[in-house]
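Open the model in your viewer and keep the sequence panel beside it. This short tour tells you what to select at each stop.

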Amino acid sequence: MSKRNLAAYIFFAIVAVCLIFTAIGTHNFGYPSETDMDQYIIDNTQEEVGANNAVTSVVFDYRGFDTLGEATVLFAAVAGVIILFRRLKK
Amino acid sequence: MNGMSKIVKTMSGVVFPLAVIFGLYVIAHGHLTPGGGFQGGAVVASACVMIMIAYGSIWTMKKIKEKHLSIFESLGALGFIGLAFFGLIFGSVFFYNFMANTGNFLGIFGDQVAFESTAANINTAGVLPLMNFAVGLKVIAGLFAIVLVMAYATNKSKGGDIE
């Protein structure tokens with residue numbers, strides 16, 4: 001087993017353990033319902049996050065993983081375009 | 001190669017700082033007013049693309065390479081993920097807002113907001129403004145790099161001197 005494979009296995013194990021603990025700690029399926037989440041965010045945004053803009057607090061705090069995915073999509077798009085047009089430059 | 005006419009160059013130079021200031025305002029007030037990193041970054045990137053169209057992509061590529069834009073974009077992404085990991089270190093979970101409503105870190109962005117329609121206070125919301133800045137830097141550099149590389153490549157492959 002090479003060093004690189006070993007590092008990959010260790011990283012995979014760490015991520016899997018984190019995901020398993022996260023899955024254990026989540027709510028039951030179907031709870032809270034959608035309307036409960038809306039009312040919770042409207043009621044608690046200013047106290048918990050401290051932001052006046054509830055939409056930004058959802059995008060960057062409550063749903064941070066979604067924004068991380070969007071940033072990854074943008075990064076992949078830029079990398080793809082630069083790789084695709086690299087040959088045409090010279 | 002020479003870009004568009006002198007009128008267009010002058011007027012784009014006049015409008016460019018105003019558009020950049022508006023975009024930076026949208027980024028900086030992302031936690032108070034509608035908008036944020038993505039929207040303000042798109043505004044600033046549009047201003048840069050306007051300059052590129054007016055002066056031509058070859059002139060623009062001489063001024064700023066897409067290598068440097070890639071560096072800026074990677075810095076934005078690293079800042080975003082780094083702030084998320086700081087939430088894991090200083091707080092409890094990934095993406096935890098560890099600076100909000102506390103006096104930690106000299107109280108930067110740490111003021112509390114009462115539950116009512118209050119006046120705008122920019123010193124609030126913890127890591128949200130910093131994440132807005134990181135995402136804004138990423139979107140500015142990313143969108144401008146996409147348009148610049150595509151325009152430069154088509155211009156070079158045609159061999160023409162338009163744009």
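This is a predicted model: local features need pLDDT of at least 70, side-chain atom pairs count only at pLDDT 80 or more; totals for chains, interfaces and linings use all residues.

Followed along the sequence, the pattern reads α-α-α-α-α. Chain B has 163 residues, and 41% of them count as buried.

Next, select residues 66-90 of chain B. This is helix H4, with 25 residues. How far apart are its end C-alpha atoms? They are 35 Å apart. At 1.5 Å a residue the helix should span 36 Å, so the two values agree.

Now show the side chains of H4(B). Which residues here are buried? Pick out B:Glu66, B:Leu69, B:Glu73, B:Gly76 and B:Ala77, which are buried. Further along H4(B), B:Phe80, B:Leu83, B:Ala84 and B:Gly87 are buried too.

Bring chain A into view. Here 38 residues of chain B are in contact with 25 residues of chain A. Two elements of chain B each give two or more residues to the side that touches chain A: H4 and helix H5. Select residues 128-158 of chain B to see H5. H5(B) supplies the largest share of that side, 14 residues.

Last stop: colour the side of chain B that touches chain A by residue class. It divides into 20 nonpolar, 13 polar and five charged residues.

Terms used:
Residues are numbered from 1 along each chain as its sequence is written. Chains are lettered from A and ligands numbered from 1 in the order in which they are written. Helices (H or I, at least four residues) and strands (E, at least two) are DSSP runs, numbered from the N terminus. The expected span of a helix is 1.5 Å times one less than its number of residues. A residue is buried if 20 or more other C-beta atoms lie within 10 Å of its own, exposed if 12 or fewer, and partly exposed in between; C-beta atoms are placed from the backbone. Two residues are in contact if their C-beta atoms, placed from the backbone, lie within 7 Å. Ala, Val, Leu, Ile, Met, Phe, Trp, Tyr, Cys and Pro count as nonpolar, Asp, Glu, Lys and Arg as charged, and the others, Gly among them, as polar.
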